[in-house]
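Subject: Structure handover

Hello,

Here is the structure we discussed. My notes follow below it.

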There are 2 protein chains.
Amino acid sequence: MFGVTILGNNSAIPTLDRYPTAQIVTCNDQLLLIDCGEGTQLQIAKYRIKRGKLRYIFISHLHGDHYFGLIGLLNTLNLMGRVDPLSIYAPPELEQIIQIQMECSGTALRYEINFVPLMPGYTGVILEDKDLSVSCFPTQHRISCFGFSVELRKKKRKLIPDQAKAYEVPAAYYGKLQEGADYLRKDGLLVKNDWVTIPPEKGKRYVYCADTIYDVNLLPYLQDADVIYHETTYLHELEGRAAERFHSTSVQAASLAAAAHAKRLLIGHFSSMYTELDPFLEQTRPIFPNTDIAEEGVTFLV
Amino acid sequence: MFGVTILGNNSAIPTLDRYPTAQIVTCNDQLLLIDCGEGTQLQIAKYRIKRGKLRYIFISHLHGDHYFGLIGLLNTLNLMGRVDPLSIYAPPELEQIIQIQMECSGTALRYEINFVPLMPGYTGVILEDKDLSVSCFPTQHRISCFGFSVELRKKKRKLIPDQAKAYEVPAAYYGKLQEGADYLRKDGLLVKNDWVTIPPEKGKRYVYCADTIYDVNLLPYLQDADVIYHETTYLHELEGRAAERFHSTSVQAASLAAAAHAKRLLIGHFSSMYTELDPFLEQTRPIFPNTDIAEEGVTFLV
């Protein structure tokens with residue numbers, strides 16, 4: 001299973017019905033948390049996310065609505081008895097912010113935090129774990145900020161059954177073929193793997209664009225993605241304000257998704273000034289029909 | 001009006017129906033916030049607390065369930081346009097925790113924070129403002145921790161109407177008498193204020209005991225208080241665990257309130273293990289009948 005569960009979709013000021021940004025990405029049996037606004041631990045409890053399966057946390061940038069909930073979550077995991085290590089990928093300053101608060105409270109965590117600093121502008125793969133691969137890329141915001149591309153690869157090569165039969169490979173060995181093994185026949189012929197299989201299908205890809213001004217330089221990271229999350233802090237009418245504050249509008253997010261030939265677009269990070277979110281869909285769908293509100297508690301399959 | 005509004009009554013791990021510790025103390029037209037667990041800004045919005053009237057914040061100690069919501073609140077006040085200064089009374093390390101997070105996010109607050117460090121063990125008056133007086137005292141917890149005593153003094157002296165009449169002070173001057181003025185009669189006699197008034201009635205006092213092990217040394221601060229808040233992390237059965245963790249039980253809180261001849265006791269900081277709170281009342285009320293659960297959203301008059 002590859003999906004993203006929305007825990008919060010609001011921007012800076014939380015409202016009574018919209019939490020600040022946080023998302024859980026489920027990659028088979030592993031959970032990733034992307035951003036962690038205040039109250040994320042409550043949303044994790046509310047939506048019955050299996051905390052124990054959380055292995056990786058990614059913080060896009062150090063504006064509070066993206067990380068103020070992290071310190072509380074780390075403490076709660078400790079109080080609940082976590083011992084499994086946890087990796088945090090974030091701007092380097094976050095490490096000190098965590099450390100100083102642990103020290104002041106006299107807290108010695110029972111689990112290890114593997115802190116991976118994301119230096120300003122860094123682009124590239126930051127995590128490979130089994131069939132999971134995560135890379136980051138910089139977005140243009142008021143402070144150093146990163147988007148994340150999460151890819152769940154297909155591990156198994158695809159069998160060509162006719163070929164396998166023609167080379168007389170026993171069916172019991174097909175599993176090994178899919179893992180890339182050759183087959184040595186009793187008559188001494190080595191059946192090479194690529195005679196009877198083709199490479200794995202392309203993996204699926206979820207791209208989280210964090211906070212960003214409208215920026216066509218993001219296109220290479222978004223190209224052909226299965227699901228894109230792009231912020232839409234403002235409606236089209238406030239394009240000027242969006243640019244001033246290094247945020248994006250509905251129309252800009254949809255245009256980028258269309259240009260990238262993405263399959264689906266999720267929009268979020270709505271300004272607290274908006275009580276109704278339908279106008280966001282009214283402005284995005286004419287440009288990119290397969291758009292949805294990143295609604296809290298909803299899981300979108302990638 | 002002098003009252004305390006409960007925003008959270010839970011201990012370390014927030015639950016879906018109980019927020020961590022935070023209380024608003026209303027002293028006529030001034031609001032004080034005591035402790036600020038994660039999500040306090042949401043509770044402030046939910047219970048329609050007038051943020052603009054908040055002048056003073058008191059943080060008892062640097063365990064996360066008492067301050068993780070502060071940084072988010074400070075940011076939100078800024079985003080909402082606050083310009084009035086705000087005073088924060090807290091252990092000294094909190095200043096750096098705030099500063100580093102403001103720096104990382106590139107935030108320049110539009111209002112001034114007057115940070116008053118509470119050094120370990122400090123006892124005494126920390127704030128005098130009009131008819132309001134706040135003092136702090138150390139409690140015994142795992143790290144440096146403070147209780148706060150909030151007193152709302154009666155400003156006006158009490159008139160003795162018969163005496164005022166006997167000295168022929170005109171009724172229009174009674175207001176001045178209550179403020180402490182003497183009265184010069186036309187015949188030259190100076191009517192001294194204390195001939196016609198008596199000192200103001202004693203003020204009312206709310207004492208917040210923060211987190212603490214059962215400690216009779218707190219009694220001098222609690223003596224004759226109108227309302228006491230005392231933590232009851234555990235029921236009586238877990239007295240041993242309470243002591244180990246420098247917390248208190250229901251029976252201990254009630255005993256202390258009784259010994260102090262307090263008028264009313266509020267209990268809170270319940271361990272997340274408890275889903276039902278009635279047993280806390282069943283254990284406290286036989287010892288101190290005027291006990292109430294510090295229930296979220298409820299305002300208790302002092």
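Which backbone nitrogen lies 3.3 Å from a polar atom of the side chain of Asp65(A)? It is that of Ala12(A). Please keep in mind that this is a predicted model.

The annotated site

The UniProt annotation "binding site", from an unreviewed entry, covers Asp65(A), His66(A), Asp211(A) and His269(A). These residues are spread over 205 residues of sequence but cluster in space, with a largest C-alpha distance of 10.7 Å.

Asp65(A) sits in the loop between β4 (54-58) and α2 of chain A. Asp65(A) has 10% relative accessibility and therefore counts as buried, the cut-off being under 20%. Neighbours within four places in sequence aside, the contacts of Asp65(A) are Ser11(A), Ala12(A), Pro20(A), Thr21(A), Gly37(A) and His269(A).

With neighbours within four places in sequence left aside, His66(A) is in contact with residues including Thr21(A), Cys36(A), Tyr208(A), Asp211(A) and His269(A). Asp35(A) is in contact with His66(A) too, and the side chains of His66(A) and Asp35(A) make a polar contact at 2.8 Å.

Helix α3 of chain A

Helix α3(A) covers residues 93-104. Its 12 residues should span 16 Å at 1.5 Å a residue, and the end C-alpha atoms are 17 Å apart, which agrees. The buried residues of α3(A) are Leu94(A), Ile97(A), Ile98(A), Ile100(A), Gln101(A), Met102(A) and Cys104(A). What covers them includes α2 (70-79), β5 (86-90) and β6 (113-117) of chain A, together with α3 (93-104) of chain B. Just after α3(A), Gly106(A) takes a positive phi of about 65 degrees.

The nonpolar core

In soluble globular proteins, nonpolar side chains tend to be buried together. Here the largest nonpolar core has 62 residues. Which of its members touch the most others? They are Ile57(A), Leu94(A), Ile57(B) and Leu94(B). Of these, Leu94(A) is also one of the buried residues of α3(A). For Ile57(B), leaving aside neighbours within four places in sequence, the contacts are Leu33(B), Leu70(B), Leu73(B), Leu74(B), Leu86(B), Ser87(B), Ile88(B) and Tyr89(B).

Regards

How values were computed. Residues are numbered from 1 along each chain as its sequence is written. Chains are lettered from A and ligands numbered from 1 in the order in which they are written. This is a predicted model: local features need pLDDT of at least 70, side-chain atom pairs count only at pLDDT 80 or more; totals for chains, interfaces and linings use all residues. Side-chain values use heavy atoms; hydrogens and water are left out. Helices (H or I, at least four residues) and strands (E, at least two) are DSSP runs, numbered from the N terminus. The expected span of a helix is 1.5 Å times one less than its number of residues. Buried means under 20% relative accessible area, exposed over 50%, partly exposed in between (1.4 Å probe, protein chains only). Contact means heavy atoms within 4.5 Å. A nonpolar core is a set of buried Ala, Val, Leu, Ile, Met, Phe, Trp, Tyr and Cys residues joined through side-chain atoms within 4.5 Å. UniProt positions are given in the numbering used here, feature names are shortened, and annotations may be inferred rather than shown by experiment. A polar contact is a pair of N or O atoms within 3.5 Å; within protein, one must be able to donate a hydrogen and the other to accept it, and residues adjacent in sequence count only if both atoms are side-chain atoms.
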